Amino acid sequence: MIARFITALALGMTSVSVQASPAADTDFLIPRMSVGEHISNVYSIAASVKAEGFDERVGRNSGSADYTLTKTSPDGTLTFEMDDRYDGAAGTHAVDIIRDGGAVSCYNGSKCAIYTDASGAVYNRLLWGDPPAKLMPGMTWTVTIPQPWELGPAGRQVVTVVHLDDTDGTVTLKREGRAVGLLAKEPAQVTLTKGGKPITLDVTPGQAHWSGYTTFRHGVVISDELLVMRTDELRSKETGPVRATRRRYILLNAAPYPTL
């Protein structure tokens, strides 16, 4: 079954080096679902920029997503009917096709794209790499992430097996990485308020450090939390250089499928 992920190597997105001898068979990271099954989750994300002399800028959002599996393919491609609701915004209904080990999403018939969200419904090999065929607590592998993503720049991270339970197919992984650069879709400027006046500053990103824990059950995300912090230099003609701390985090948990 691990071949489902290996077939996606043509994307050239991750490299994996195993640093410990595995001892237990596992397919904990490969989605095991039947047509008609549901996945639901609730999630939140927060971001802040704090610079000396300025008001701290904070943004938060939350929502829920519900997936019904409508089709599977031998190569591991999953087709879902999806309902997504950001709080304070209109909900969306779409067909979401997830392929290449979770690394590519084809959303509602639009052009397929690399899936750079920090979390989601199922295992994503863009962020987690191609898992070893066997796992044991304490073993690690290294993943090269070739492009900016939601909570990190392009860079390398180490994945550690923290816990596994073969009675119910769950595994908890820790991910931790460091890299310099902007996050996916992050603008190169930020507007902060000083003395009641908004000022737009250019961002020179410093080194980002991210870490967190994720639990999967047969490839489905059960719980996920991840925090990234970065020290930046901000600059405008009015202020000159300003040191700032940026942080962003996500929380996602499995939820009962809605029955209303």
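The model is predicted, so local features need pLDDT of at least 70 and side-chain atom pairs count only at pLDDT 80 or more, while totals for chains, interfaces and linings use all residues. Residues are numbered from 1 along each chain as its sequence is written, and side-chain values use heavy atoms, with hydrogens and water left out.

Start with the covalent link. A disulfide is a covalent bond between the sulfur atoms of two cysteines. Here the term is applied to a pair of cysteine sulfur atoms within 2.5 Å. A search of the whole structure turns up one. Its partners are Cys106 and Cys112, with sulfur atoms 1.8 Å apart. The link of Cys106 and Cys112 is right-handed, with 105 degrees about the S-S bond. How do the two ends sit, buried or exposed? Cys106 is buried, because its relative accessibility is 8%. Cys112 has 34% and is therefore partly exposed.

Next come the charged pairs. A salt bridge is a side-chain nitrogen of Lys or Arg within 4 Å of a carboxyl oxygen of Asp or Glu. The whole structure holds ten of them. One joins Arg99 and Asp100, where the closest N and O atoms are 2.2 Å apart. Arg99 is partly exposed, at 29% relative accessibility.

Another salt bridge brings together the side chains of Glu186 and Arg246, at 3.2 Å from N to O. Glu186 lies in the loop between strand S11 (170-180) and strand S12 (189-194), and Arg246 in strand S16 (residues 240-254), so this pair ties together parts that are 60 residues apart in sequence. These element names follow DSSP runs, numbered from the N terminus: helices are H or I with at least four residues, strands are E with at least two. Glu186 is buried, with a relative accessible area of 9%. Arg246 is buried too, at 14%.

A further salt bridge links Glu233 and Arg235, with the closest N and O atoms 3.4 Å apart. Arg235 is partly exposed at 39% relative accessibility. Glu233 is also partly exposed, with 34%. Elsewhere, shared partners join the salt bridges of Glu186, Arg230, Asp232 and Arg246 into one network.

Now turn to the rings. A pair of aromatic rings is described by the distance of the centres and the angle of the planes. Rings of Phe, Tyr and Trp (its six-membered ring) pair if their centres lie within 6.5 Å; planes under 30 degrees apart are stacked, over 60 edge-to-face, and the rest tilted. The structure holds six aromatic pairs. One of them is Trp128 with Phe216, edge-to-face, at 5.6 Å centre to centre and 85 degrees between the planes. Trp128 lies in helix H2 (residues 125-128) and Phe216 in strand S14 (residues 207-217), so the pair ties together parts that are 88 residues apart in sequence. Trp128 is buried, with a relative accessible area of 4%. Phe216 is buried as well, at 1%.

Trp149 and Trp210 have ring centres 5.5 Å apart and planes at 85 degrees, so this pair is edge-to-face. Trp149 lies in the loop between strand S9 (140-145) and strand S10 (155-165) and Trp210 in strand S14, so the pair ties together parts that are 61 residues apart in sequence. Trp149 and Trp210 are both buried. Ring pairs also link Tyr123, Trp128 and Phe216 into a cluster.

Strand S14 also holds Thr214. This residue is buried, at 1% relative accessibility. Which residue joins Thr214 in a polar contact of 2.4 Å? The partner is Asp224, side chain to side chain. A polar contact is a pair of N or O atoms within 3.5 Å; within protein, one must be able to donate a hydrogen and the other to accept it, and residues adjacent in sequence count only if both atoms are side-chain atoms. Leaving out residues up to four places away in sequence, Thr214 touches several others, including Trp128, Val171, Leu173 and Ser223. Contact here means heavy atoms within 4.5 Å.

One last stop is Leu29, in the loop between strand S1 (24-25) and strand S2 (38-51). Leu29 is buried, with a relative accessible area of 3%. The C-alpha atoms of Leu29 and Pro131 are separated by 7.5 Å, although these residues are 102 residues apart along the chain.

Technical notes:
Buried < 20%, exposed > 50% of the residue type's maximum accessible area, 1.4 Å probe, protein only.
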